[in-house]
Amino acid sequence: MITKCYLLDTSIILDDTQNIIFLWQNAQNQLFICDVVIEELDKKKDLQNETGYFAREFFRCINSDNLSKGGSKGDKIATIAKENNDFIQEICFKFENYSIPLFLIYRPRYKLPPQEHSYNDSKLIEIAKDYHLTLLTNDISLKVRTQAQGILAQSLFRDRVENPSDIDFWHSFEVHKDKALTDLTQDENFSKLKQWSLIQIDEMDNTDSALYKTGKKIFGLKVGREFVELNLDEILKTHQPYITPINLEQKMLYALLTHPQNNLTIATGSTGSGKTLVALQAGITLVKNGVVDGIVYMRNTITANDKEAELGYRKGDESQKLGYFMYPLYSAINFTIDKLQESSLAKRIEYRGEVNGIQKQAATEYFIQKHNIEIVDIAHARGISIGNKFVIFDEVQNASNATIKLIGTRIGQGSKIVFLGDWAQIDHPYLSKFRNGALSLLSKALKDDFIAGIQLRQTIRSDVASWFGENF
C-alpha cells in the first residue's frame, strides 16, 4: 500500500543518489520528479566535484534503456496530468539490485509568469500543489516558501544527529593504588565499552575511615578487551615530533594516530584545536619510523554554493588551484618550519628560503618533498588505490557519506586514515551542523570497534581570535 507521494527537489538527489532507495522504502512510497529537476541536474553534470558526480550518477542510473512505457501512477494522477496538459513518463532508476519507478512530470507551460528570482523553485511549488504531493527538499528557503502557501514540504533527516556536542569518547574510572590496572577488565562498565574508548583513571587511596583521590591520573585506551596504559609524555619523548602536542586532547589524538593497531580515526574540533597540526606530526612520525611510505593530504574543495568556488574556476595549473584549498595543510607545515628554524642554525640552513602559506615556495616545497607529502584532489580519487600511506582527509564535515565511502574504499593495504573536521562549520549547500560527514563518522565511532574517535574541545588561539570567538 502506498503511504506517501514525494516530489523530489534537486537538492535531495545531489545530496546522495542513494536517497532515492531510502525514500522508496521497498515500494511503500511513490516518488516523483519534474522537468525542472532534470534541467538543473543536466547543468551540473559536468562539474568536477561531488555535485557533478551525483548528477552524472543519477543519469547513469536512468539511462535510456531504463525508460518504462507503463506505470501504476494511478487514475488520480493521470486525471490531474490531463487537466494541466502535462506528460507523465515512468522512469526506472536502477542501482545494483534495485529497480525503482520514478514518475517524471513534464509541464510544457507553467501557469506562473516568468520571474528573475527563484523561478525554478516556484515551478516546483506549482507542481506539488497541483498534484497534492509532498515536496521533499533540503533547501530550507524553498521549504519555507512551500509551507507558507499551505503545501506540504519536508526535509530529509537521514543520518541526523540531534546533540553533536554531547558525543564523548572519554570514560572515567577509579582504581585503588594497591590494585593492578588489569583488574579494570573485570569492571562491568569497562567491559561494555567499545574498542578505542579513551580512559582516564583516578588513583584512589584510603585511611582507616575514608577513601580519597591521590591526585594521580592514568590515561589509556581500551584495545580489544584490555586496558592499555599510555604514558603520553613518554611516547612524545620517544617519538620527538617536530611540534609537541601541548594538552591532553592533542596528546591523546597523537597517541591514537600512531598506535600500531589503529587504522581509522575521526577527530573533530573547531579552528585552533590543533587537528591538522597534530595529524601532520603523527604522519611524519609514521614516515620516519617506516610504518608508512608517505603522507597523502585531501580536503573537500566545496567552500560555497557558487561556481567561483569550484576548483576549475581558479587560476593556474592543478597544483596552484589546489593551493587555494590546501591552506590548512600549508599553515601546519609553515608553523612547523618556523619552530624548526627557531630551534637551531642547522634547521635554518636546511629549511632555507621564505615560507608562504599559499604558494609552495622554497622551504615549504622542500618540507613537502622531504616528508613524502602528496596532495590529492578528491575529484581524482576514483579508480586509484592508496597503499602504505598515512591519509589525512580534512574538512570532512563538508563531505557526504557517499564521498566518505569513496575515499574509504580507496585505502589500500598498510594505510592509515584520519578524518578531520568541525561539525559546526558547514559550507556544503545540502548539509547542516546536525547532518554531515563528520557527524556520521563520530556516530559510528561511538558504536563500532573498527574506528577510533575524539572531539578536541580545547582551542589555542590568540587573544584577538578568542575575543571574536566569544563575542560573535
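Me: Which residues of α3 meet which residues of α4?
Reply: I38, L41, D42 and K44 of α3 are in contact (heavy atoms within 4.5 Å) with T51, G52, A55, F58 and F59 of α4. Helices here are DSSP runs of H or I with at least four residues, numbered from the N terminus.

Me: Before going on, what kind of model is this?
Reply: The model is predicted, so local features need pLDDT of at least 70 and side-chain atom pairs count only at pLDDT 80 or more, while totals for chains, interfaces and linings use all residues. Residues are numbered from 1 along each chain as its sequence is written, and side-chain values use heavy atoms, without hydrogens and water.

Me: Back to α3 and α4. How does their contact divide by class?
Reply: The contact of α3 with α4 has five nonpolar, two polar and two charged residues. Ala, Val, Leu, Ile, Met, Phe, Trp, Tyr, Cys and Pro count as nonpolar, Asp, Glu, Lys and Arg as charged, and the others, including Gly, as polar.

Me: Changing topic, what is the volume of the largest pocket?
Reply: The volume of the largest pocket is about 780 Å³. A pocket is an open set of points on a 1 Å grid over the protein atoms alone, with protein on both sides within 12 Å along at least five of seven lines; a cavity is a set where a 1.4 Å probe fits but cannot get out, and lining residues have an atom within 4 Å of a point.

Me: Which residues lie nearest its centre?
Reply: T271, G272, G274, T276 and S331 do, out of 37 lining residues. The elements giving two or more residues to this lining are α11 (275–288) and α13 (327–343). Of these, α13 gives the most, with seven residues.

Me: And how does that lining divide by class?
Reply: The lining of the largest pocket has 11 nonpolar, 19 polar and seven charged residues.

Me: What about the second largest pocket, what is its volume?
Reply: The second largest pocket has a volume of about 600 Å³. It has 29 lining residues, and D159, N401, I404, S440 and K444 are the closest to its centre. Helices α16 (401–408) and α17 (437–445) each supply at least two lining residues, and α17 gives the most, with six. By class, the lining of the second largest pocket holds 11 nonpolar, nine polar and nine charged residues.

Me: Finally, which residues line the largest cavity?
Reply: The largest cavity is lined by N49, E50, I378, A379, R382, T403 and L406. Three of these residues are nonpolar, two polar and two charged.

Note on methods: Grid points are joined across faces, edges and corners, and a volume is the space filled by probe spheres set on the points.
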